[in-house]
Amino acid sequence: MRFKEIKLVFALLGLVFLLFFSNDFGLIDIEKTAIITAVAVDLSENGEYKITAQIAVPEATDTNTENQRAQISGKGATVGAAIKNIGDTSGWFPQLCFCNLIVVGGEFTDYNLIKILDYFSKTLRVQDTALIIMAEKEGAELLKLATPLDNISSFALQKILLKNAGLNRDVAVADVKSFCTGYYSDAGSSIMPLVKVVSQKSENEKTSAEGFSGGESGSGGSGGGSSESGGAKGDAIFNANTTALFLRGVKVGELDEDLTLAFNSLTKDFSNTTFELKDVKVGVKTENFLLTVFSCKASRKVSVSESGINFTVNVDIYAKISDRNGEYSDIDYIKNLTLPYYVEESAERELKTRIEDLIRTEITTGCDFLDIKKELYRKHYSYYHVYKDNFLENLTYSVNVNFSGQK
Amino acid sequence: MIKTLKPRQICFFYIALLPVVKFFMMPSLIAGICGEDLWISVLINALSDIFTIAVLYFCLKDEDADFFTLIEKRVGKAFAKAVMAFYIIFFLLKTVIPLNEEKDYVELTLYMTSPSLFTFMPVFFAIFFICAKKLRVIGRIADGVFIVSVIGYAFTFALSVSDTDVLAVLPIGAHGIKKVALGAYSSCGWFSDGAYFLFFVGNYVKGKKDGLKILISVAVSSLIVLSFTIIFYGTFTSIAFRQKFALTELSKYTTAINNMERFDFVAIFSLLFTSIFALSLPFYFACELTERLFNIKRWLAAIIAILPPVILLLFFGEYFNSIENFIINIASGYFITLGTIFPIIMAIILKLCGKKELNYAVQGN
C-alpha cells in the first residue's frame, strides 16, 4: 500500500513537472507561424513605422533545394504596433525569436533610433543579440535583394557581419543590446554598420541567375499579405565596412573603411586580419604589401589631471608579409616573417594616422565610440564632474603603434 | 530526541536552494536604485545574514530544541504564540514576490502567448506536497537538488563570465550611501535567510566543526549571489535596471551559444527546477508555524498557508504592482526586524536565560 502511494505521488509529481515545463499550452499551430529571419524598419508616407519582415519558408521536399523567402509588411504608430499589424493582416503569427537581423532604413538619419530599437531591447519576443545595421537607402530594399550566393539576403548579411575565423575583422558589428547600453550610458554613444549595396552584374552572372530562377526556385508561398517572394539569385553583394556613429540615438557621423579597420584593431580580436600597404618605398621603386596580423595587443588609457585629459593608445602588432607586388619574389619564406624596416615604418605610420583620425572623428562628432568618457567615469570618478560635459574639449592624445615581424 | 537534519543537509540547503530565488528580479531592482553599486547592497544583506546565523549558532548551538520551542520554554507560551504569528506573516510576505516573479518568468519567457491562469497551478500542488511533510523533507530536498543547482550555477557562470565587463561595477560608491542603503533595504525580502536557521537550531545531529561548515556554506551561498549580481551588471551595464529575467538572458551572449544555439537552457531549467523547491520554503515554514500555533492537522495548515498567495495570484493580479511596492518599500522593515534584529536579540536573551536555568539547576543540586 505504502509503495503504491509513493508510486502515485511520483507519477503525479512527474505529470506536474511535465505540464509545467513542456510549454504545451503555449504552442501555436506551426502552419500559422511565420518564422521571421530579419526585419527592416522604414518610415511610411504618413509618418508611421513600416516594418518589413523577411520570412524563411522551409521547403517540404527531399530534393536539395534552398529555402525560399517572402516579405510581409505592417504599419503602426509604434514598432510593436507595426509588428502586430503583420500578424493581424496576414493571419500568420510573427515568430520573432529567430530574428537575427534588424535593418534600419537610411531615412532615419536625423531621427533618434532608440524610439525604434528600444522595442527590440525590451520585448522578450526578440533576442537582444539580433544584429543591427543601417541601410544606405530603404531598409526593406535590402531584404528584397538576393546575392549571387545567398537567396535570403539576411543570411548573406549575417555572413559578412559575423565573419568566420580567418576572415578580416573589418566590420564594426553591433547588436540591439550594445546599441541600447551605449545609448543609456553617460556618453550616450552607439555605433552600427552602414550597409551599402554593390552591384555584381555581369553577363555570365546574368545567365546563371536566369538559370536558377527558371529551374529549381519558385514562389515563396507565404500567406496573405505577402508582397515579395521568390528564390531567384541576385546580383547584389553587401558592403558593411563603413560604420555609422550615433550620439543620443541620432546619426552624427561615419567611419570609412580604413577608420573602421583601425577601430577594430583597438576593440576586437584582430588576428588573421589583413592590412594593405600601398606605395611603400623599396629603394627607388614602390611596392604594395599585404600584411597578415598574427596578434594585436591594443590598450587605451585615460589619464586625468587638473590641466586636462590625456588619451594614450598603444598598439603592438605582430604580423607577416602575405603578399607583395614586387618584381622579384622572395628567395625564402623566412623573409616574409621578418618585416623589413621600410614595411614596419610604413605600416606604423599608416595605422597611427588612422587612429589619430579616429580620435579626431570622436572629437568632431561627439560620439564616444572610443569609451573615453566611460574610462573617465570608471577610473577617474573624482574628475568626472569636472570634465563630463567638456571632456572632448580638454582632450590631448598620443598614439604609439609598433609593427613587427618575427625577431 | 531524534534529530531530523544533518549538518550536511543544512549546508546544501544554503548553497543549493537559497541563491536561486535571488536570480530573477532582485538584481534589476537594486540596479535601478544604485546602479553599479548594486553589489554593495547585496554584500550588506549577505553579511547581515551571515552575522545573524553566526549569532544564532553560537548562542544556541548546545540547545536541544528549535528557536520557537526554546521561547515557549524560557519566555512563555503566550509570547511564543505571538512570535509564531508574526513569523507566519513574515514567511507569507516572503512568498509573494518570488512566487509572482517565477510565475511571470515562466509565463513571459517560456510561453509564446499569454498562457491560461491555471498553467501555474501545478506549482501549488508541488508546494502543497512539500508543506504536508515533516522537517525531514527539507533535508532530503537539499540533498536531492544540490547537484542540480551546482550544474546550473556552473553552466550559467561559465557561459556568462566571458562576456562580462567586470570593470562596469566601477567606481565604487559613486551613488552614495543613501542609495546603497535603499538598495539593501528594498531587497531585504529576498534575503533575511537567517530566519530559516531558527528551525534548524537544535534539530540537527551535532558533529565536529558544524558551525564552521554551516557558516562557510552560508558564505558560499552569499558569494554565489554576489558573483551573479556582478556578472549581471557587467553584462547589461546601463540597461541592467530593466532586465527582469536575468536568468534567461545572462548566458546567451557567449560565442558558444551563437554557434550551438541555446544549450544554456540546461542551466536555466536546472535552476528553474531548484527554484520551485526554493520558493516553497517560506510556505513550508509558514505551514510549520501554522500547525503549531493552531494545533491543527498538517494538511489543513498547508492549505491555510498556501491559500493567501493563490488568491492574490488568481484574483488580484492587476494589483500586483501595488503589492510589490508595498512589500519592497514598507514590508522590508518587517523583514529586517524579524529576519535579523529579533533573532539576534532573542538568541542572546535565550542564551542568558539558559545560563540562569543552568545555574539554578547547579545550585539545586
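Biologist: How much of chain B counts as buried?
Modeller: Of its 365 residues, 49% are buried. Keep in mind that this is a predicted model.

Biologist: And in chain A, what share is buried?
Modeller: There, buried residues come to 40% of 407.

Biologist: Back to chain B. How many helices and strands does it have?
Modeller: Chain B has 15 helices and zero strands. Its radius of gyration is 21 Å, close to the 21 Å from the globule rule for 365 residues, so chain B is as compact as a globular protein of that length.

Biologist: What does the C-alpha trace of chain B span along its principal axes?
Modeller: About 75 × 45 × 35 Å.

Biologist: What about contacts in chain B, how many join residues at least 24 apart?
Modeller: Taking contacts between residues at least 6 apart in sequence, 88% join residues at least 24 apart in chain B. For chain A, on that basis, the figure is 70%.

Biologist: What pLDDT does chain B average?
Modeller: The average is 86, and 92% of the residues in chain B score at least 70. For the complex, the predictor gives an ipTM of 0.82 and a pTM of 0.85.

Biologist: Let's zoom in. Which residues of helix α4 in chain B are buried?
Modeller: Helix α4 of chain B runs over residues 67-74, and its buried residues are B:F67, B:F68, B:L70, B:I71 and B:R74.

Biologist: Where do they sit around the axis of α4(B)?
Modeller: On the same side of α4(B), because they cover an arc of only 160° around the axis.

Biologist: What phi does B:G76 take?
Modeller: A positive one, about 140°.

Biologist: Switching to chain A. How many helices and strands there?
Modeller: Chain A has 12 helices and 14 strands.

Biologist: And how is chain A divided into domains?
Modeller: Domain 1 covers 30-245 and domain 2 covers 256-404. Their contact takes 15 residues from domain 1 and 20 residues from domain 2 of chain A.

Biologist: Which elements give two or more residues to the domain 1 side?
Modeller: In chain A, those are β7 (189-199) and β9 (236-247).

Biologist: Which gives the most?
Modeller: β9(A) does, with four residues on the side of domain 1 that touches domain 2 of chain A.

Biologist: What is that side like by class?
Modeller: The side of domain 1 of chain A that touches domain 2 has five nonpolar, seven polar and three charged residues.

Conventions
Residues numbered from 1 in each chain as written. Chains lettered and ligands numbered in written order. Predicted model: local features only at pLDDT ≥ 70, side-chain atom pairs only at ≥ 80, totals over all residues. Buried ≥ 20, exposed ≤ 12 C-beta atoms within 10 Å, placed from the backbone. Arc of directions from axis to C-beta. Domains from an automatic or database assignment. Contact = placed C-beta atoms within 7 Å. Nonpolar A, V, L, I, M, F, W, Y, C, P; charged D, E, K, R; others polar. pLDDT = per-residue confidence, 0-100. Rg over C-alpha atoms; globule rule 2.2 N^0.38 Å.
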